[in-house]
Structure formats: structure tokens, C-alpha cells
Amino acid sequence: NMFGDRVKQLREKENLLQRHVAAELDMDTPMLSKIERGERRAKREQVVQMAKIFKVKEEGLITLWLADHVLDIVAEDTMAIQALHTALNEMKH
């Protein structure tokens, strides 16, 4: 849960309460809590909004968000590394 951990770290660094961040994201506090714990996934537009709230580069948060999605799909598969290398090579072309 790299994304959720980073969101929590950024929120705490800014001394923001979950309820304040959740209100800015137009979601309830329990939903933000679940995102921070990795129990729910934020939407991409929420990730963009979080970058603005925490005053960080959007690319960094989106990268962690995407990485968590990829790990959800391949983490338990013994062929995951090979599949990721193949996908990376395809993306380069």
C-alpha cells in the first residue's frame, strides 16, 4: 500500500486531519481512512486533487497509485517479473 502510506505521511506532515482532507475531496472520512490503509482505491481524479492539497508533484502520487494497481494484479503470480519486463518492453515500442 505505497499510495495510502504516502497519503497518510503527507497528510500528517501538513498537520491535516482526515476529516479536513476528506471534505476537500468530497468524500467521507471513513473512505479516506480506507484509502490510507489500502482497503479502498482512490480514483485518479482524487489522486490529482490530493497532489494539489498536499502541494506535491502529481506524477509522484500517480506513480504510486498505478504501482499499487499493478501489484494488486500480479503480486501473487510467479510469472509477475517476467510479465512486467515483457509489458515494459512493449511500452517502449
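**Entry 1: the question**

Against which helices do the buried residues of α3 pack? I began with the basis of the model. I noted that this is a predicted model, in which local features need pLDDT of at least 70, side-chain atom pairs count only at pLDDT 80 or more, and totals for chains, interfaces and linings use all residues. Residues are numbered from 1 along each chain as its sequence is written, and side-chain values use heavy atoms, with hydrogens and water left out.

**Entry 2: the whole chain**

I found six helices and zero strands in the chain. Helices (H or I, at least four residues) and strands (E, at least two) are DSSP runs, numbered from the N terminus. The C-alpha trace spans about 40 × 25 × 20 Å along its principal axes. Of the 93 residues, 30% count as buried; this term means under 20% relative accessible area, while exposed means over 50% and partly exposed lies in between (1.4 Å probe, protein chains only).

I then looked up the contacts (heavy atoms within 4.5 Å). Among those between residues at least 6 apart in sequence, 54% join residues at least 24 apart.

**Entry 3: helix α3**

I turned to α3, residues 29-37, where L32, S33, I35 and E36 are buried. Seen down the axis of α3, these buried residues fall within an arc of 160°, so they line one face of the helix. The arc is that of the directions from the helix axis to the C-beta atoms.

The opening question can now be answered: the buried residues of α3 pack against α1 (2-13), α2 (18-24) and α4 (44-54).

I also examined both ends of α3. At its start, a side-chain oxygen of D28 reaches to within 3.0 Å of the backbone nitrogen of M31. Such a polar contact is a pair of N or O atoms within 3.5 Å; within protein, one must be able to donate a hydrogen and the other to accept it, and residues adjacent in sequence count only if both atoms are side-chain atoms. After α3 comes G38, with a positive phi near 80°.

Which residue in the loop between α1 and α2 did I look up? It was N15, whose phi is positive, near 55°. N15 counts as exposed, at 69% relative accessibility.

In the loop between α4 and α5 (58-74) I found K55. Phi of K55 is also positive, near 60°, and K55 is exposed, with a relative accessible area of 66%.
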